[in-house]
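Please view the sequence and the structure first.

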Amino acid sequence: MMCREEHDPRGADQAVFAALLEDSAEELYESAPCGYLSTLMDGTIAKINATLLGWLGRERAAVVGRMRFSDLLTVGGRLYHETHFAPLLRMQGEISGIALEIRQADGGRVPVLVSSVVKHGSTGEPLLIRTTVFDARDRRAYEEELLRGRKVAEEARRQAEADRARLQDALAVLQQALLPDALPPIPGVETASYYHTASPDRLGGDFYDVFPIDGKRFGFFLGDVCGKGPRAAAVTSLTRYTLRAAALHDPDPVSALTTLNKVLHERYAGEGDPRFCTVVFGVLEPDAATGQTAVHLASGGHPPALVLRADGTAGFLPTPGGLLVGILPAAPFATATTVLTAGDTLLLYTDGLTEARTGEGRARLYGDEALLSFVTDHAGERPPDVIHALTELLRGFGDGLDDDTALLALGVPAPGTETKHTI
Amino acid sequence: MDVARRNNVTVTGNPQGPAVLLAHGFGCDQNMWRSTVPALVEDYRVVLFDYVGSGRSDPSAFVPDRYASLEGYARDVVEVCEALDLRDAAFVGHSVSAMIGVLAADMAPERIGALVMVAPSPRYIDDEDYRGGFSAQDIDELLDALESNYLGWSAVMAPVIMGNADRPELGEELKNSFCATDPDMARVFARTTFLSDSRDDLKRVRVPTLVLDCTNDAIAPREVGAFVHRSIPGSTLVTLDATGHCPHMSAPEATNEAITRFLAGLR
């Protein structure tokens, strides 16, 4: 029992509580853990507590009736007080949590948070302003850290945006080195193309081109470099210019691919980083007299071209047995020949189209048969319309289209038909 | 461009009366004229607006380059006058707006026929013999104070503050939001205001001008008011018995009386 009485919590509480009751309102005001002051409406200090006087390092007699609230602030704080604090207090009758600094008598500064409320008289006229001042040294140090952090982050963001813009400009220039801006006009032949890059920097591993060889023949090619992104793009560039140069020297499709094979193999195989591509290379020979265009092409491991006929039929132009370009020192390539007459179109594409996902699993890839069926429906249409239809098809794949994709259509327009779309 | 929306233009008072523009200074918006408007509505067509970057102006219209000089703000004034086709309007400008009014009157003399300059200062920073009252360092301190008090500004509050008066459920959060401004825009206005030097522009004023200063103004002391009065030929100086930089709020009766007496004398 003795022990219990000594540790009776209720007994101890009562003693403290009694002591608190003896703490006078005056004592509570003067020694409160925050600064108190009351001013006239013009800011003249009428009453101030000991806590705040202590922070200021000033005597009561030097402050009361002699200083205004704004005199306690730094000059910058005074400007803020006059332009923000005072007008807001007038309008709202109260203001809270404003960060300011008070000046101490010895020149030091104390960051504080200030709240004020206007006391009104019985008829509603403003009488005086009551203000509390909280020591905010720790809090302000923390907030300044935050502000500093935010400034650093903003600067980093600005820098990153500038870098990105610069990089995008550079990429745009590089991109132009990979693909033709526009296809050259070919007498009696209409062309259209489409290009999609899977990589966000718009550098792709698919490529195509159409270019004049001599007065009557035009070269064309479309292919796919292994991989995606910048590393694939580097190979794409080498491939494009090698094929163009090779064709000027010897436009025979197999010769051009053989040259490309040598260049790629020599460039990459020795480095333990083999890079290869699949490609269809061909030559168009329009004949103004007959209105027909002869096509000679060779393929190195590329999906077969499609021929869409004016009569509404379509079929693959098989090129079996051609090997990937660049993987072996010497490679065989398969050739094919066809003639395009009015209303016929030759369509080249990369496997981004046929391997687009239309569902889960390997079986749910778009596939050759679906493509043949789709283009059969568009046989007889002019190249821009065929490309337009395929572009819509690709768009419909949404996320299922996750590889680079290139399309190139070359056709002999039938007289009297009109192109519905411009690509 | 919809100037009325951009500058949150409010027109009130007597549609047949002469036009009076009330232009707020740095740190607030057209709300600060609420004790002035009642004294004018009977006889005058009263036009209130917010500068772009202040109050409920259209934040998307803020172009930092344009508002890095007082001329940019003066163009706001001229465009408001043009949108309402005001002629010979009296321009009442508080603080930095007094100087903006001087520039606007110079740009479009046919639009502005009289100036009331409330607590004006053409130059805040001391310069050789000239006493503006502040050093460049003081202005940096103000920018710091601005910065410290924008911690509460957030992406969430911004749309509320920048003009969504039709959402009363946010009323409690709107505390302290009178005069709230996007911190980046406020910083531009603060720099433009306190680093400008418009002393030479005062000499070009050709319209009747009333200069109002206060007995005790920490921002525009009496010697600055006297300088403005001295520099504008034919101007009238009235010193209001008021403490602080906003006599139209702290001593509205005396301020209104001085303004209305001056305006009545123009007719």
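How many bridges pair β7(A) with strand β8 (residues 218-225) of chain A, and in which sense? The two strands pair over seven bridges in the antiparallel sense. Two strands count as paired if DSSP finds at least two bridges between them; strands (E, at least two residues) and helices (H or I, at least four) are DSSP runs numbered from the N terminus. Phe207(A) has Gly223(A) in β8(A) as its bridge partner.

This is a predicted model, in which local features need pLDDT of at least 70, side-chain atom pairs count only at pLDDT 80 or more, and totals for chains, interfaces and linings use all residues. Residues are numbered from 1 along each chain as its sequence is written, chains are lettered from A and ligands numbered from 1 in the order in which they are written, and side-chain values use heavy atoms, without hydrogens and water.

β7(A) and β8(A) belong to an open, antiparallel sheet with the order β7-β8-β9-β10-β13 (chain A). β7 (206-212) and β13 (334-340) of chain A each have a single partner strand, so one side of each lacks a neighbour in the sheet.

Another open sheet of five strands runs β2-β1-β5-β4-β3 (chain A), also with antiparallel pairing.

Contact means heavy atoms within 4.5 Å; angles, from 0 to 180 degrees, are taken between N-to-C directions of lines fitted to C-alpha atoms, for helices over the stretch in contact.

| Helix | Strands touched | Angle |
|---|---|---|
| α8 (residues 229-249) of chain A | β7, β8 and β9 (277-287) of chain A | about 25° with β7(A) |
| α9 (residues 253-268) of chain A | β9, β10 (292-300) and β13 of chain A | about 150° with β9(A) |
| α7 (residues 137-178) of chain A | β3, β4 (109-120) and β5 (126-135) of chain A | about 110° with β4(A) |
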